[in-house]
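Trainee: I would like a close look at a single part of this model. Please take it step by step.

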Amino acid sequence: MAAALTALAVAVGGGALTGLAAVPAQAAPAPTAGVGVSAPDTGLSALVNPFVGTESEGNAFPGATAPFGMVQLSPDNTNSYASTSYSKDAGEVWGFSHQHVNSAGCPAAGEVLVTPRAGDAPVTERTAIALKDQSTTEQASAGYYAAQLADDVEVELTASTRVGEHRYTFPEGATGSVSVNVGQTLRDAGASSVTWVDDRTVEGWVDNGGFCGGTDDSVRYFFSAEFDRPAASTGTWGTDGTFVPASDASAVDVGLNGAAATFDTTTDRTVELSVGVSFVDLDGARGNRVAETTADGERLGFDAVRASTAAEWDDALGRFDVTTQTEEQLRIFYTQLYKSLLSPTIGSDVDGRYLGMDLQQHVADGWTYYQRFSLWDTYRTQATLHALFEHDRAEDVVRSMHRARIEGGWLPRWSLGALETNIMAGDPVSPWLAENFALGTVPDDIHDELWGFLTENATTAPPAGVASVGRQSAEYYLENGHVPWYAENGGGLGGQFEEYRHGGSATMEFALADAAIGAAAQRLGKDDEAAPFLERGRNWRTLWNPDVELTGGFTGIVNAVGPDGSFNSAPELAEVQESGFHEGTPWHYQWMAPQDVPGLVDAMGGRESFLERLDQYVDLPALRAAPGVSPASWAEGGSDYYSSIGYNPGNEPMLIDPWLYDFVGEPAKVNDVLAANLNRFPDTPGGGVGNDDLGTLSSWYVLASLGMMPVEPGSGIMAVNAPRVLSATITLDDGAQVSVSAPAASGDSPRYVRGLSVDGVPQTRTWFDATDLQGGAELVFDLASSPEGLTWGTGPDDAVPSVSAPDQAELALAPVGAQPVPAEVGTAVELRLARASLTPVTPPFPESSGVTPTPTVLSAESTVTEARVEWDDGVVAPATVVPDGDTWLVTTTRAFDAVGVRTATVRVSSSADLPAFAPVPFAPASLAVPVSVAAAPVLPGDPPSGGGDGAGQGTGAAPGMSDGGTGADGSSSSAADRGGLAFTGAGPLGALVAAALTALLLGALLVRRSWRARRLATR
């Protein structure tokens, strides 16, 4: 592991790995640890404040829902982009509808609006009704909402998974009416129908659709509503809004439509209503209602449903046992946790039927179907939170995505129920799926097929006839490394597809998505597939325009690139129509390459220039001057996309920006930024930073509060920060527990990591692998109140690695000296077979970028190798790799028992202990080396080398030879075959030479025997 971490860390200097070394002593004092406020054992649902996010463009709904519930029963009073369903400040309501999208940027849903009214004149169209004594009567908690209307009707709402439960208490002595409006929704209601089945049951449907201009299609939303008692009278209304008493049904193509009932509230002032819903049919809505709100044919009643849902929320929230510094911080944590568990929503009925992306009925047999995927947002945080801490549910969510691909013909981008909206640029499903593959939430039976769908989606454009637009520019992108930018107002592709009019941000998104696929492939052992995706993770480099002069004296930034290869050099604060970047400026998007931070460092002129630019972007001087306070240079809200070049803490592409400091050895600064950002989540209607986008920002808050953040999808890398909680224990599906301890944490001020231990082992790495949590883990943080003197996480090998910028090299093998390598029959000898050398590979920048990359310097750990030798006679032996200057010698030891020429095939490979997401630093290489084996010289009178007692006695047979002159392997035992000295020529010259040689040999023999005698005498 150590070798891999060094090999992959951003190169900010030399040195050996310190990631698992003992933590050095630090200078900064620890703050005083408080006892804190712990979560109660029961009643966690009461800690949740659903009103958080109902103002300041938060677009939250405050009503009742179960965890991941199909029903979100909530008040409506607005449907603008700035406030999509409910504004607490409005002080009024239209009524209470059954489907809401959690904190999205556009209005949607709002089907089946129920409105009570004192008196016998029902409400037949959307009308503002004031809330009475709102500050005291309007209340909400997880699974419950209450308010009092101006006419003294008391409203209570709760919900099971698929049923909205209403209770209305009318003022004494009055007749009460309850209207069911199906003709008006929060978006684009179409045809609708209502029918009174009997005097307490009304059923119907409405076609509804539209979302952010992404689709004009609609789906049918079915409901089955039953009152707890018969109505005194019933009726309907149509497009003119006139109530028609005793009318049993009404159907319209578009416009006003609904049904109403009146009740005698003289003696019984309370009316309850159960509304089951379904995307499949009326049978589904009816079946859901009966299954979830009755038992043995009797209604359970409002209180029973409320208690059951509260218990569900207590279980879901109770898996996180958290202690914070104050009670307010505890409420904030559990409110954000609650928001992270609202989406995606359950789409299948109690009988398993659901409406697929092909708008046909299907059955989820033995699992639950989920829908509503805001993937551009949720892949960055929520996918990880669910995979880690809602693992079993996450498997069903992934299975739902698999079915969406099969039934819809292509993987979705942003699906609202069964509708593909195609909003947002990029390819968000790829990093979302890559994260789930990396964290093991892809079921085995769909694993291979879903992987094929993932790689198909990332390399080809979708076929005609499918709703999802996928990667329209796939062929161009693979060839050119960027998405071509076409102006939005220029018509053509720019007007038709977000991908093209946002070509700059789409390229950044594609590069990140490709790196995510590559990292996940590496984790799955798909090395060959991983390599091209990891390489394409560097495609953001094609956008680097070196000639742009920026505020602060900086030069160079990412720009959209047109189809002709020219940069679109828009002003720093250009609107989206000019810049080619969606919901952000190039200043914001330049940082969205965590997979290649070394490349960013090079493009920006080196580490110090990178840090100077990042410090200006987050306004570090202001953060240090006023800790925990958002600087004026930051964007005011999540939707403040184009008015500032400063940090925007509430929009998705910038969510991991604070952790960039972890990549370059400045981890303390992470916490300066986070303290101010986390403080933007107060326990108020304006709490949060813009809209939550179906759990994205809330998941971000939960993870950051625990001291961790996923920064590169598909890799499993969790970057570290100082936790905001004092402690947390999270119980996983299998009962294992993850504990976080940070007794010196602060609820509002920066704290800095002085030390960290994981499962009792100190580490200075600023990251860990997410899968380390899945079997249970213990994280203990030692925090300081000042960054002064801290060195934790500042070593070059402590940095968060970038998956598209690992150490890479080319391995070459060459023979050592003359060939063949000489050897002799006899005892084992060391053979110098090959010389290995590594040439670092430095990924290039496009010529247009003007960037000369810093040559890769291989860390010592990334050069760790192993070798083996395979001989042509079948013998396999280990080899030793010995440093020799800038190269390595490969040696092995072998004894030979026969003369001849042998061939040794040397194979050298990396033995670096790599994390699962990392490619090996170099590919293995092989070299065939000939070895010539000669017989050892045989001296007259010498004992045979194949036997004897070492003192002159022997059998006379050479090793591997029999006495009959034939080798044990059948080879000849002639002198020439044994490599001995022999002359076969005749004549005087040959005789003279033979005589001379014989004399020399005899002299040598006498000397040798004399030496042996002396050696024996000394024993």
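Trainee: With which side chain does the side chain of N257 make a polar contact?

Mentor: This is a predicted model. In it, the side chain of N257 makes a polar contact with the side chain of S192, at 3.0 Å. A polar contact of 2.5 Å also joins the side chains of N257 and S250.

Next comes the setting. N257 sits in the loop between β18 (249–252) and β19 (258–264). Its relative accessible area is 0%. Buried means under 20%, so N257 counts as buried.

The surroundings of N257 can be listed, leaving aside its neighbours within four places in sequence. N257 is then in contact with V180, N181, V182 and G183, and also with S192, S193 and V194. W237 and G238 are on the list as well, as are S250, A251 and V252. Two of these names, S192 and S250, have already come up as polar partners of N257.

D692 is placed in the loop between α22 (667–678) and α23 (696–706). With 6% relative accessibility, D692 counts as buried. The side chain of D692 reaches a backbone atom, the nitrogen of L697, at 2.9 Å. Not counting residues up to four places away in sequence, D692 touches G58, N102, S103, K339, L697 and S698. The C-alpha atoms of D692 and N59 are separated by 7.8 Å, although these residues are 633 residues apart along the chain.

The structure holds one, formed by C106 and C212, with their sulfur atoms 1.7 Å apart. The link of C106 and C212 is right-handed, with 110° about the S-S bond. C106 lies in the loop between β5 (95–97) and β6 (113–118), and C212 in the loop between β14 (201–209) and β15 (218–227), so the pair ties together parts that are 106 residues apart in sequence. C106 counts as buried, at 8% relative accessibility, whereas C212 counts as partly exposed, at 25%.

Last, the nonpolar cores. The largest has 171 residues, and Y334, F389, W432, W540 and F610 are those with the most contacts inside it. Helix α14 (residues 503–523) gives the most to this core, with 11 residues. A second, separate core has 47 residues, including V155, V219, F223 and F279. As for Y334, its contacts include A39, L44, L47 and V48, not counting residues up to four places away in sequence.

Definitions and conventions:
Residues numbered from 1 in each chain as written. Predicted model: local features only at pLDDT ≥ 70, side-chain atom pairs only at ≥ 80, totals over all residues. Heavy atoms only, no water. Core = buried A, V, L, I, M, F, W, Y, C linked by side-chain atoms within 4.5 Å. Buried < 20%, exposed > 50% of the residue type's maximum accessible area, 1.4 Å probe, protein only. Helix = DSSP H or I, 4+ residues; strand = E, 2+ residues; numbered from the N terminus. Contact = heavy atoms within 4.5 Å. Disulfide = S-S within 2.5 Å. Polar contact = N/O pair within 3.5 Å; in protein donor to acceptor, adjacent residues only side chain to side chain.
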